[in-house]
Amino acid sequence: MAGSSRFGGRGPAVARRALRWTGWTVAYVLGLAALALAGAWVWWQSEPEARGTDTNALWARHQWVGEPHTDAEYRALGTLLRDNRISDVFFHAGPFEPDGTVPASKYRYARQLIAAVRQYAPGVRAQAYLGQVRTVEGKGIIDLDDPAVRDQVLRTDATFLDLGFDGIHYDFEPIYPDDRAFLDLMERTRGLTRSRGRLLSVALEQPALVDAAQPVYKALIPRQGAVHYPPRPTEDFLKAVADRADQVAIMTYDVSLPSRALAGWHFARHTRRTLELIGDRTTVFMGVPTYRPRMGWAEDLGVALRGVRRGIGDLERPPSRPYGVGVYADWTTDAAEWVRYRAIWLPPATPVLGR
């Protein structure tokens, strides 16, 4: 009985120690979180000195190629592009069918659109925005591992270039950093676009936070399901894509961080890192949102643009290739947001001599 009493008294003591250690651990974690939030808040208060650029992109809705528009609507589009110094528009023209085709009925007004852009926004490049859900581990829509599908994608690209588009803009998702089929498609598409004097651009997820974690993700986490291996490009994969593209747009949005300072830090960090990695290899667009993300109280267009400017200001030197932002998207951007974009992002207009 004495032994039973002795061991019976140990249980509450162990429980108290465990509870005490749990409390200290929680307090430690909360303290670190508070320090991170405070540090981010202090960092965020400084106004960025770097200004934006005149090389900017816009993702545009499918209706521009799929439905008729009046001359007044085309004229208004041209004015919007000129006023906001948009250099490239990715007009949604797909998506690809599983076999790599796009039905002609989906882009029946493409020629009229291209003619209107050339008339009302001369110098702006109209690109065919094409993509699909990539088949991964047996799930998805388009199987880029199939050489016949990649061949058909190239034939479809050629059709859009024949229509007069200034380039092809790919948005296949998800793309993992071991996707050799995607790199092969990029290589062959670049050969096609350059032979026509056109552009190849591509949208990619933001780079991985830590490349060293990729083998762990690959070994332990599936690529399908609610919890899955995040499809983030590694440094080497991002460089490989950049070497095959004229332009790379980074989908930096959907931050899911709880404060404006942390969201701004996210945009700044990815801007600096991306431009350091590939800014001398290709034109870079940092994606900024005008829709309401999951944490819309923290992430919006103003936060994103200010964060991108902070990232540019942190560079030791500007990249040798052009860079700017990609606005996602024309169908979620209202007049007030375009005003905000011009005020926060665009550099002062260059005065015209003689006026």
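pLDDT is the predictor's confidence in each residue, from 0 to 100. This structure is a predicted model, in which local features need pLDDT of at least 70, side-chain atom pairs count only at pLDDT 80 or more, and totals for chains, interfaces and linings use all residues. Residues are numbered from 1 along each chain as its sequence is written, and side-chain values use heavy atoms, with hydrogens and water left out. The chain averages a pLDDT of 90, and 87% of the residues score at least 70.

**Confidence**

- Where pLDDT is low, the predicted coordinates should not be read in detail.

**Chain overview**

- The chain holds 11 helices and eight strands; these are DSSP runs numbered from the N terminus, with helices being H or I of at least four residues and strands E of at least two.
- Of its 355 residues, 50% count as buried, meaning under 20% relative accessible area, against over 50% for exposed and in between for partly exposed (1.4 Å probe, protein chains only).
- The accessible surface comes to about 17,100 Å², and carbon and sulfur atoms hold 57% of that area, computed by the Shrake-Rupley method with a 1.4 Å probe.
- Of the contacts between residues at least 6 apart in sequence, 82% join residues at least 24 apart.

**Pockets**

- A pocket is an open set of points on a 1 Å grid over the protein atoms alone, with protein on both sides within 12 Å along at least five of seven lines; lining residues have an atom within 4 Å of a point.
- Grid points are joined across faces, edges and corners, and a volume is the space filled by probe spheres set on the points.
- The largest pocket has a volume of about 340 Å³; among its 16 lining residues, Gln206, Leu209, Arg232, His266 and His270 lie nearest its centre.
- Helix 9 (260-278) and helix 7 (214-220) each supply at least two residues of that lining, and helix 9 gives the most, with four.
- The lining of the largest pocket has nine nonpolar, four polar and three charged residues, where Ala, Val, Leu, Ile, Met, Phe, Trp, Tyr, Cys and Pro count as nonpolar, Asp, Glu, Lys and Arg as charged, and the others, Gly among them, as polar.
- The second largest pocket holds about 250 Å³ and is lined by 17 residues, with His92, Tyr129, Asp171, Glu173 and Tyr328 nearest its centre.
- Strand 3 (125-133) gives the most to the lining of the second largest pocket, with five residues, and strand 4 (167-173) supplies at least two.

**Cavity**

- One cavity of 30 Å³ or more is found in the whole structure, a cavity being a set of points where a 1.4 Å probe fits but cannot get out.
- The volume of the largest cavity is about 70 Å³, and its lining includes Phe172, Glu173, Glu205 and Met251.
- Strand 5 (199-205) contributes three residues, the largest share of this lining.
- By class, the cavity lining has eight nonpolar, no polar and two charged residues.

**Arginine 309**

- Arginine 309 sits in helix 10 (residues 301-313) and counts as buried because its relative accessibility is 5%.
- Not counting residues up to four places away in sequence, arginine 309 touches Glu47, Pro48, Glu49, Ala50, Arg51, Ile344 and Trp345.
- Its C-alpha atom is separated by 9.7 Å from that of glycine 324, 15 residues apart along the chain.

Note on methods: Contact = heavy atoms within 4.5 Å.
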